[in-house]
Structures are given as C-alpha cells and as structure tokens.
Amino acid sequence: MTTSASLPRSAIPIVIATVFIDVIGFGMVLPLLPSYAARLGGTPGNIGLLVASYSAIQFVLAPLWGRVSDRIGRRPVLLIGLAGSVASYLVFAFANSLPLLLLSRVLDGGSGATVNVAQAYLADETTPEQRTKAMGMVGAAFGLGFIVGPILGGITAAIGNTLPGIIAAIIPAINLIMAWRVLPESIPAAVAANAPAARTP
C-alpha cells in the first residue's frame, strides 16, 4: 500500500470531490422527479418506481463494482462512475417520456454505486491513523452535497426544465477530466492482476 504522502496533492481531494459531486447530482434531481414525472403523465406509482430505482440498482451493483475495482483498479472504476453520471444527467435533462426518466435513474444509481470504490481508494491510500479522518471527510461530503444539491436544483429549475440536468452533467464532466489527468491508481498492478475475477453477487 502506498501512503497519501506519495500521491499528488490533488489525488485524495478529487476522490472526495467525486463523492460530493455524486450527492449533489442526486440532491438536484430527486426533488424534481415528482413534478417532471407528473408533467409526463406519471402516476404516484410511477414516481415511487423512479425514486426506488436509484437505490435498487445501487444495492445490486455496489458489491460488483467493488470486485471489479479489486481486479482492474480503483481509478478506471471511478472514471466509469463519473462518465455514467454525466450520461445519466444528460438523459434526465432531455427526457421526454417516463421510460427515459427511469433510464436516467438507473444510470445514475449504477454510476453512484462506485461511491464505495471511492471509499476503498481512500482506505488504500491512508494509514490507519489517517483513515478515520478520510472517512469523516466522505461523510462531510455527503452532508454538504445534500445541502447544495436541492438548492442548486431549485434555482436552475426556475430558469428552465432542462437546465438542472445540464448543470448536473457539467459538474461531473469537469471532475472526470481532472481525474483522468491527475488521479493515480491506488493499488499495485500486481495486486490487481492476482485478484479473483469479478462475479455477480
């Protein structure tokens, strides 16, 4: 295991930012789902399905993403998660039917499942003494994201129906570019090569 001192200064903050950005997007979209679904003719049951789909797909995929990250590394899985967030919010922005809204939530839940991989990255790159602080920062990122997300969603929705999704997509797109450029892998190639193959839970 490497130590955080051996990493670029920007590496761990980018991982924390990945968690923060994921929660911001969730917080922007969730309060808007009922009104967006109702505008498309959705019933209360449809709205319940839209809300539940995010958590359901996250529950299914989180263990799988963890195993995949053990095999191929944390970095590519985090990049996949950010790219999935961009795609999900773009679908949300331009969804003109309930199935497309559902697709956006499934994509977001699937990419959001990589938050566990972000926590694993921090565990890889911190000593036991540093780990509590790092995980506390993850908790703080969650809390702050749930504050910023709904506020930003409400402001942008008042300007235009597509704007919340577009802004929610731009934020992880910027983080994706930064992570692609500067985020190193946190587990040695030999560990990744010898890890057991990923399999479904």
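# Salt bridges, cores and polar side chains

Asp 70 is partly exposed, its relative accessible area being 33%. In this report buried stands for under 20% relative accessible area, exposed for over 50%, and partly exposed for values in between, with a 1.4 Å probe and protein chains only. The model is predicted, so local features need pLDDT of at least 70 and side-chain atom pairs count only at pLDDT 80 or more, whereas totals for chains, interfaces and linings use all residues. Residues are numbered from 1 along each chain as its sequence is written, and side-chain values use heavy atoms, with hydrogens and water left out.

**Salt bridges**

Three salt bridges are present in the structure. The term covers a side-chain nitrogen of Lys or Arg within 4 Å of a carboxyl oxygen of Asp or Glu.

| Asp 70 | Arg 74 | 2.7 Å |

Helices here are DSSP runs (H or I, at least four residues), numbered from the N terminus. Arg 74 has a relative accessible area of 8% and is therefore buried; Asp 124 is buried as well. A network of salt bridges links Asp 70, Arg 74 and Asp 124.

The remaining pair, Asp 108 and Arg 105, sits within helix α5 (residues 98-112), where the two residues are three apart, about one turn of the helix. Both of these residues are buried.

**Nonpolar cores**

A nonpolar core is a set of buried Ala, Val, Leu, Ile, Met, Phe, Trp, Tyr and Cys residues joined through side-chain atoms within 4.5 Å. The largest such core has 24 residues, and Val 15, Leu 78, Leu 122 and Leu 183 have the most contacts inside it. At least two residues of this core come from each of α1 (11-29), α3 (44-72), α4, α6 and α7. The most is given by α1, with six residues. In soluble globular proteins, nonpolar side chains tend to be buried together.

Contact, or touching, is counted for heavy atoms within 4.5 Å. Once residues up to four places away in sequence are set aside, Leu 183 touches Ala 11, Ile 14, Val 15, Arg 75, Leu 78, Tyr 121 and Met 178.

**Polar residues in the helices**

Thr 156 is part of helix α7 (residues 128-159). With 6% relative accessibility, Thr 156 counts as buried. Its side chain makes polar contacts, a polar contact being a pair of N or O atoms within 3.5 Å; within protein, one atom must be able to donate a hydrogen and the other to accept it, and residues adjacent in sequence count only if both atoms are side-chain atoms. The side chain of Thr 156 reaches the backbone oxygen of Leu 152 at 2.8 Å and the backbone oxygen of Gly 153 at 3.1 Å. Neighbours within four places in sequence aside, Thr 156 is in contact with Met 28, Leu 163, Pro 164 and Ile 167. Thr 156 and Met 28 are 128 residues apart along the chain, and their C-alpha atoms are separated by 9.1 Å.

Ser 104 lies in helix α5. Its relative accessibility is 1%, so Ser 104 counts as buried. A polar atom of the Ser 104 side chain lies 2.6 Å from the backbone oxygen of Leu 101. Not counting residues up to four places away in sequence, Ser 104 touches Ser 88, Val 91 and Phe 92.

Asn 116 is located in helix α6 (residues 115-124). At 39% relative accessibility, Asn 116 counts as partly exposed. Between the C-alpha atoms of Asn 116 and Ala 62 there are 6.7 Å in space, while the two are 54 residues apart in sequence.
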